[in-house]
Amino acid sequence: MFIELKNITKVYSNTDVTSRALHDVCLKVNKGEMIAIMGRSGSGKSTLLNIIGCLDKATSGEYILEGMHVNHLNHKQLAKIRNQKIGFIFQNYSLIPKYTALENVMLPLLYRKMPYKECKKLAVEALEKFDLIDARNKKPHQLSGGQQQRVAIARAIVGEPEFILADEPTGALDQQNGQDVMLLLKNLNRAGKTIIIVTHDETIADYCEKRIYMKDGTVVG
Ligand SMILES: Nc1ncnc2c1ncn2[C@@H]1O[C@H](COP(=O)(O)OP(=O)(O)OP(=O)(O)O)[C@@H](O)[C@H]1O
């Protein structure tokens, strides 16, 4: 098993309110799968994705990633997993505004302390793959939404992660650009990448072979 969640519960405790975002969630993901996590607003999709992505920790339950017990890892170890094993794609692209497309794509590699020249070579190759080479020296605000999301995908895959997590990756795009992004993700999946996508859109989920429905913090189907 590649990813296994056992009875994951997540409680957010603020000063005055406590809210249970996930309750006893169990999930298994095999290598090479492409999965959609679906459900209404507030059902816990992003919370679940954040836990799978090692961006947040569960309050209780077990998360096992390739045999590793993630709950027992410290911040430094989690950061290493995020950098080396996971590619993230967000609805709002999350590119760094002051950096060019090329610099944005180089970042995960620079963070690994890879030599600059090597980072640049790999980033250029990733941009070429997504037809973005002419955009390499532009900053995010000089690019269309579709181009920005393709830069974000290039950044997500440049370090050859083992899986990709996408939170509403087409949420800010028009239909055509949304389809283009989904085809890119589908092709990455066909090439062997495991992909987990949060979406409330059935047409996006149609690209996935498996769907998980969430309601009030639990998996209902
Ligand atoms: N940081 C937080 N502090 C307190 N409560 C939170 C926090 N983040 C999420 N929640 C609560 O947890 C529940 C699940 O939220 P989550 O964002 O995971 O849902 P979602 O299904 O991703 O929703 P959406 O589709 O609107 O993004 C909601 O009730 C939300 O209000």
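Trainee: In which hand does H5 pass H6?
Mentor: This is a predicted model, in which local features need pLDDT of at least 70, side-chain atom pairs count only at pLDDT 80 or more, and totals for chains, interfaces and linings use all residues. Residues are numbered from 1 along each chain as its sequence is written. Helices (H or I, at least four residues) and strands (E, at least two) are DSSP runs numbered from the N terminus. A near helix turned clockwise from the far one by less than a right angle crosses right-handed, anticlockwise left-handed, and the crossing of H5 with H6 is right-handed.

Trainee: How are H5 and H6 oriented to each other?
Mentor: H5 spans residues 145–157 and H6 spans 175–190; their axes lie 9 Å apart, at an angle of about 15 degrees. Axes are lines fitted to C-alpha atoms over the stretch in contact, with angles from 0 to 180 degrees between N-to-C directions. Under 35 degrees counts as roughly parallel, over 145 as roughly antiparallel, 65 to 115 as roughly perpendicular, the rest as oblique. H5 and H6 are therefore roughly parallel.

Trainee: Which residues of H6 does H5 meet?
Mentor: Contact requires C-beta atoms, placed from the backbone, within 7 Å. H5 brings Gly145, Gly146, Gln149, Ile153 and Ile157. Facing them in H6 are Asn177, Asp180, Val181, Leu184 and Leu188.

Trainee: Which residues of H5 does H3 meet?
Mentor: The axes of H3 and H5 come within 7 Å and cross at roughly 25 degrees, so the two helices are roughly parallel to each other. H3 passes H5 in a right-handed crossing. From H3 come Ala101, Asn104, Val105, Leu107 and Pro108; in H5 they meet Val151, Ala154 and Arg155.

Trainee: How are H3 and H4 oriented to each other?
Mentor: H3 covers residues 101–111 and H4 covers 116–129. Their axes are 9 Å apart, and the packing angle is about 125 degrees. H3 and H4 are therefore oblique.

Trainee: Which residues of H4 make the contact with H3?
Mentor: H3 passes H4 in a right-handed crossing. H3 puts in Ala101, Leu102, Val105, Met106, Leu109 and Leu110. H4 answers with Cys119, Lys120, Leu122, Ala123, Val124, Ala126 and Leu127.

Trainee: Which strands stand at the edges of the sheet?
Mentor: Strands pair if DSSP finds at least two bridges between them. Here 4 strands form an open, antiparallel sheet in the order E2-E1-E4-E5. The edge strands each have a single partner, so one side of each is left without a neighbour in the sheet: they are E2 (18–29) and E5 (68–69).

Trainee: How many bridges join E1 to E4?
Mentor: E1, residues 3–13, pairs with E2 over 8 bridges, and Ile3 stands opposite Val29 there. Toward E4 (residues 60–65), Thr9 has Ser60 as its bridge partner. E1 and E4 run antiparallel, and the number of bridges joining them is 5.

Trainee: Which residue in the turn between E4 and E5 has a positive phi?
Mentor: E4 and E5 pair antiparallel over 2 bridges. Leu65 stands opposite Met68 in E5. The two strands form a hairpin with 2 residues between them, and the turn residue with a positive phi, about 50 degrees, is Glu66.

Trainee: Which element gives the most residues to the shell around the ligand?
Mentor: The surrounding residues (C-beta, placed from the backbone, within 6 Å) include Tyr12, Asn14, Ser19, Ala21, Gly44 and Lys45. E2 and helix H1 (45–52) each supply at least two residues of the shell. With 3 residues, the element giving the most is H1.

Note on methods:
Contact = placed C-beta atoms within 7 Å.
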